[in-house]
Amino acid sequence: MSKNIDKSFLFSEEMEFLFESVFDKLPIAIDILDAEGNIRMINKTFLDYLGLEKDKVINKYVLDVDRNSRFPLVLKTGQNEIAYRHKFANGKEAIVHRIAIKDGDEVIGGFGMILFEDLNELRKLIEKNRLLETELEHYKKTLRKIHGAKYSWENIIGKSDAIVECKKKAMKMANMDSNILIYGESGVGKELFAHAIHNSSKRRDYPFVTVNCAAIPEQLMESELFGYEEGAFTGAQKGGKIGKFELANHGTIFLDEIGDMPYTMQAKLLRVLQEGEIERVGGKAPIKVDVRVISATNKDLSKLIKEGKFRSDLFYRINVLMLNVPPLRERKEDIPLLIDHFLSLLTQNSGIYKKVSKEVYDILEKYDWPGNIRELRNVIERMVVNSEGDIIRKTDIPLYILKKELPVRKKGSGLQEMLEEFEKEIIFETLKECNYNKSQAAEILKIPRSRLYRKLKKFGILEENNEVK
């Protein structure tokens, strides 16, 4: 109610006429009291609720009509009571408003209204609202499953200073809404970071859409990103098709390998980022979109700009925030953790349980991993599948990694001598792992025991009593 309602108008003939012609016909129970607590106006809905005739109520003191009323207190203090539970003298319970009508600081009357005439109806509404919230959350979860980010910060494994600092920086970026460019070599986990950033941003309940710019043919990229209308070109499906940007509306679009985006498409992408709208192929009207763009590349975009292969204006649009994900060779202390993580995942998915010998940990930690985490995961899977027994040993490591362990060729030594030296080392290391059990070593090396004995004698590592020197 207005703070400056004139007292003379509140109880005037004009007000009574307005009340009778408008409020009396409303299906909501309403009454108006004067400053002394007398009921001056009451509509038919309220009278029906109370079960009283109008002449038994009008100009009567409110406590004489309803002995439980708190209106005298409201009129005295000027403090409104909003959505209060009240039990009327007739035994009915309801949720009511009691509002002091003021002229400046002076209380000149009161306005009463029943918000819910039946508490059971209120309970039903609350339950319905709870069900709607549950249903909404269900739909949000379903949407996240269909077009959502799968990974969070917990999926980024590592305790090295390099990865910890990178995660801290990315977490700060997640709280902002600016576009992000993620740099990093192939296989370092750029997409993992993009997922985690989206999942902890204010857009988490909306779609996360991935586009691999290197995998889409140039002639299809525009329709893939922006969609097309029916009949836009030969082969266009009936009804047209929604593009990735529309699909990501209110969420995040992840443009992977953006350095491979065709130059002609870069201008169209720039317009989307500048104007916040897309236009479908064959469309006539622009469509507004609200999308956060996270891009990723393993290429030097500055070099591509100098070569005329990437637009500098687009670069500045996508590179508002920049995140550099370190390669695995710069965080080697994380390799044992990653090995254990991948072994655990393989056990969960396939039921195959394997352990890794200390020597294998040492060898894999020394390797430079040009393919980074993706290469490490592939190597772990290969070793799990190919290894015999429960322990992954040096002999299960792919040869291209093991060759880093090959002895340096001595001056005058040929290929045969180098191979024999390497073979001797492999056999001796396997024996050590088996606690010098020759039968077990032969089984691991996948050679007959008799052949192993001949090798041991040849390399001079077997005593006459068949014990290893």
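The model is predicted: local features need pLDDT of at least 70, side-chain atom pairs count only at pLDDT 80 or more, and totals for chains, interfaces and linings use all residues. Residues are numbered from 1 along each chain as its sequence is written, and side-chain values use heavy atoms, with hydrogens and water left out.

**Strand β10**

- Strand β10 spans residues 252–256, and five of its five residues are buried. Buried means under 20% relative accessible area, exposed over 50%, and partly exposed in between (1.4 Å probe, protein chains only).
- Helices (H or I, at least four residues) and strands (E, at least two) are DSSP runs, numbered from the N terminus.
- T252, F254 and D256 point one way from β10, while I253 and L255 point the other way.
- β10 pairs with strand β7 (residues 208–212) in the parallel sense over five bridges. Pairing requires that DSSP finds at least two bridges between two strands.
- I253 in β10 stands opposite V209.
- Strand β13 (residues 292–297) runs parallel to β10, and four bridges join them. There, S295 is the bridge partner of L255.

**T45 in helix α3**

- T45 sits in helix α3 (residues 44–50).
- Its relative accessible area is 18%, so T45 is buried.
- Beyond neighbours within four places in sequence, T45 is in contact with L26, P27, I28, A29 and E117. Contact means heavy atoms within 4.5 Å.

**Largest cavity**

- The whole structure holds one cavity of 30 Å³ or more.
- The largest cavity contains about 180 Å³ of space. Of its 18 lining residues, D31, F46, D66, S69 and F88 are the closest to its centre.
- β2 (39–42), α3, α4 (62–65), β4 (93–103) and β5 (106–116) are the elements that give two or more residues to this lining.
- The lining of the largest cavity has eleven nonpolar, four polar and three charged residues. Ala, Val, Leu, Ile, Met, Phe, Trp, Tyr, Cys and Pro count as nonpolar, Asp, Glu, Lys and Arg as charged, and the others, Gly among them, as polar.
- On a 1 Å grid over the protein atoms alone, a cavity is a set of points where a 1.4 Å probe fits but cannot get out; a pocket is an open set with protein on both sides within 12 Å along at least five of seven lines; lining residues have an atom within 4 Å of a point.
- Grid points are joined across faces, edges and corners, and a volume is the space filled by probe spheres set on the points.

**Largest pocket**

- The largest pocket has a volume of about 670 Å³.
- It is lined by 24 residues, and G187, G189, L192, I373 and R377 lie nearest its centre. α8 (190–199), α14 (335–350) and α16 (372–386) are the elements that give two or more residues to the lining.
- Its lining has eleven nonpolar, five polar and eight charged residues.

- Helix α18 (residues 415–433) has 19 residues. Its buried residues are F422, I426, I427, E429, T430 and L431.
- Their cover includes α15 (358–366), α17 (399–402), α19 (438–445) and α20 (449–458).
- Just after α18, N435 takes a positive phi of about 55°.
- The second largest pocket has a volume of about 350 Å³. T395, I426, I444, L445 and I447 lie nearest its centre, among 16 lining residues.
- α18 gives the largest share of this lining, four residues.
- The lining divides into nine nonpolar, two polar and five charged residues.

How values were computed: The expected span of a helix is 1.5 Å times one less than its number of residues.
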